[in-house]
Amino acid sequence: MKRVFLDNASTTPMAPEIIEMMSEMMKTSYGNPSSMHSFGRESKIVIENARKTIANILNTSPGSIFFTSGGTEADNMAIMCGIYDNDIKHAITSKISHLAILHPLEDLAAAGKIKLSYVNIDKDGEVSLTHLKELLKDNERTFVSIMHANNEIGTIQNIKQIGDVCKQYNAIFHSDTVQTIAHFPFNMQELNVDFMAASAHKFHGPKGVGFVYVSEDIQIKPLLRGGGQERNMRAGTENVYGISAMAMAMEMAYAHLEKEVTYIKGLKHYMIDQLQSEIKDVQFYGKCTDLDNSLYTVLSCSFPESDMAEMLLFNLDIMGIACSGGSACSSGSNTGSHVLSAIAPDSRRPGVRFSFSKYNTKEEIDYVIEKLKDLFN
Ligand code: PLP
């Protein structure tokens, strides 16, 4: 049976070149980077080279990059350290933030450590800058967490403008950039961002490795305590192969960014056209049809309500098609999508997110459309 993977916002297949590099490195660079002997020193060099590569790509200093176990840890570190170590009593986020942001913030609010405010968003999930300024105007030092791009509906926020507003009000700004690092260019010299999060498995690197960017203006203490790794900022023996693979995945992404963006955008455009012409009453969430102002990797849509629609993801899976409904990060839970509830609370239409990578093809999309036609028409 044909198998089609259109769930690349949840994770991406690893690039074969990276698998090869990693398995070679596993055979040779197995020293503990904290060890003083030559095996250890070699591993340490691998990590520091990766840090330099990533810092160069983002146009920042290597000292602002701390390796983590992925996006969730990076977001948690930004939130817990940003808030505790800066004596913050007020945080602002939006209802469509990832659960790696909402859960720690809600826990801090429930424990009475902070007041938590939600900035207004419009029907596409775009943050209201006017409301953000309103929430910031009492000048209490605030922690603001606004994701760069939403993983379910693809809406992109203008983090340049949001960062400027935060700076104006002396707020700390964290942006969850898990869906945008290695997908869009970044120049940290132009952004007023204090914390950013990245995860290698979203750009053809391995799972379980990521980094947090911490601006040099911010002072924090480690969240994970133990050894003195990551300049005393994140204890635990480093994932040497994963870190090196992440840097390689980022280098590969930025080396061919324009070409790959054009290719993937083309696939998304084709799928929108096909859905609109072949399937009755398909609707799109957020700004998905605006190809220049939404994630080119994400197409979030909804289909007419029907008995069969209830089982849509299941039916597609049986046909070998992998996509997701709501947030794939928490798939396995059946609580529904908090993002779709925030922007379309009354809709009972089944939401499906198709998400693309450079490894997908037009033929795969044709196959999905054929199967959807069988199901709906
Ligand atoms: N933030 C966003 C926007 C995501 O899409 C994900 C996806 O999983 C995460 C954070 C968590 O990253 P990780 O899977 O590396 O923990």
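**Charges of the protein.** The predicted model has 35 positive and 45 negative charges, and their mean positions are 3 Å apart. Lys and Arg count as positive, Asp and Glu as negative, while His and the chain ends are not counted. Each charge is placed at NZ of Lys, CZ of Arg, CG of Asp or CD of Glu.

**Confidence and residues 327–333.** The mean pLDDT, the predictor's confidence in each residue from 0 to 100, is 94 for the protein, and 97% of its residues reach 70 or more. Over residues 327–333 pLDDT stays under 50, and the model has 10 contacts beyond four places in sequence for them. A contact means heavy atoms within 4.5 Å.

Gly236 lies in the loop between helix H7 (229–232) and helix H8 (240–255). Helices are DSSP runs of H or I with at least four residues, numbered from the N terminus. Gly236 has a relative accessible area of 26%, so it is partly exposed; buried means under 20%, exposed over 50% and partly exposed in between, with a 1.4 Å probe and protein chains only. Arg225 is 11 residues from Gly236 in sequence, and their C-alpha atoms are 8.2 Å apart in space.

**Burial in the protein.** Of the 377 residues, 55% count as buried.

**Notes.** Residues are numbered from 1 along each chain as its sequence is written, and side-chain values use heavy atoms, without hydrogens and water. Because this is a predicted model, local features need pLDDT of at least 70 and side-chain atom pairs count only at pLDDT 80 or more, whereas totals for chains, interfaces and linings use all residues.

Notes: Helices (H or I, at least four residues) and strands (E, at least two) are DSSP runs, numbered from the N terminus.
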